[in-house]
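Work through the exercises below with the sequence and the model side by side. Each task is followed by a solution that goes step by step.

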Amino acid sequence: MVIAGLWLLSVLGSCCNLLTLVYIVFVVLHTVPVLYEKYEDQIDTYGEKGWVEIKKQYAVFDEKVLSKVPRGPAKDKKH
């Protein structure tokens, strides 16, 4: 997730300069909490639906891809 965030930041940074990015972040950080407080019920409903959909997609991905990845023998930990 950190790598994706840094990649997104680099893409945005290549489109505009630092001052513009700082201004956009400032506006977003002051706007989003107010909008969330105003529309909290609707946002939570969509968030729950999205989370259920993500869990379904991960289950499919796990079944089709991750379960087929061979795993090596487990190593014993030395104390």
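UniProt positions are given in the numbering used here, feature names are shortened, and annotations may be inferred rather than shown by experiment. This is a predicted model, in which local features need pLDDT of at least 70 and side-chain atom pairs count only at pLDDT 80 or more, while totals for chains, interfaces and linings use all residues. Residues are numbered from 1 along each chain as its sequence is written, and side-chain values use heavy atoms, with hydrogens and water left out.

**Exercise 1.** Determine which elements the protein has, and describe the span that UniProt annotates as "transmembrane region".

Solution. Begin with the elements, where helices (H or I, at least four residues) and strands (E, at least two) are DSSP runs numbered from the N terminus. The protein has three helices and zero strands, in the order α-α-α from the N terminus on. Next, the unreviewed UniProt entry places "transmembrane region" at residues 6–29. This span is 92% helix and 0% strand, and its end C-alpha atoms lie 18 Å apart.

**Exercise 2.** Work out how helix 2 and helix 3 are placed relative to each other.

Solution. First take the axes, which are lines fitted to C-alpha atoms over the stretch in contact, with angles from 0 to 180 degrees between N-to-C directions. The axes of helix 2 (residues 18–38) and helix 3 (residues 40–64) come within 5 Å and cross at roughly 95°. Helix 2 is therefore roughly perpendicular to helix 3, a term that covers angles of 65 to 115 degrees. Then list the contact, meaning heavy atoms within 4.5 Å: helix 2 contributes Leu-35, Tyr-36, Glu-37 and Lys-38, and helix 3 contributes Glu-40, Ile-43 and Asp-44.

**Exercise 3.** Is Arg-71 buried or exposed, and where does Arg-71 lie?

Solution. Start with the position of Arg-71, which is in the segment after helix 3. Then apply the cut-offs: buried means under 20% relative accessible area, exposed over 50%, and partly exposed in between (1.4 Å probe, protein chains only). Arg-71 is exposed, because its relative accessible area is 76%. Finally, Arg-71 and Cys-15 are 56 residues apart in sequence and 42 Å apart in space, C-alpha to C-alpha.

Key:
Parallel < 35°, antiparallel > 145°, perpendicular 65-115°, else oblique.
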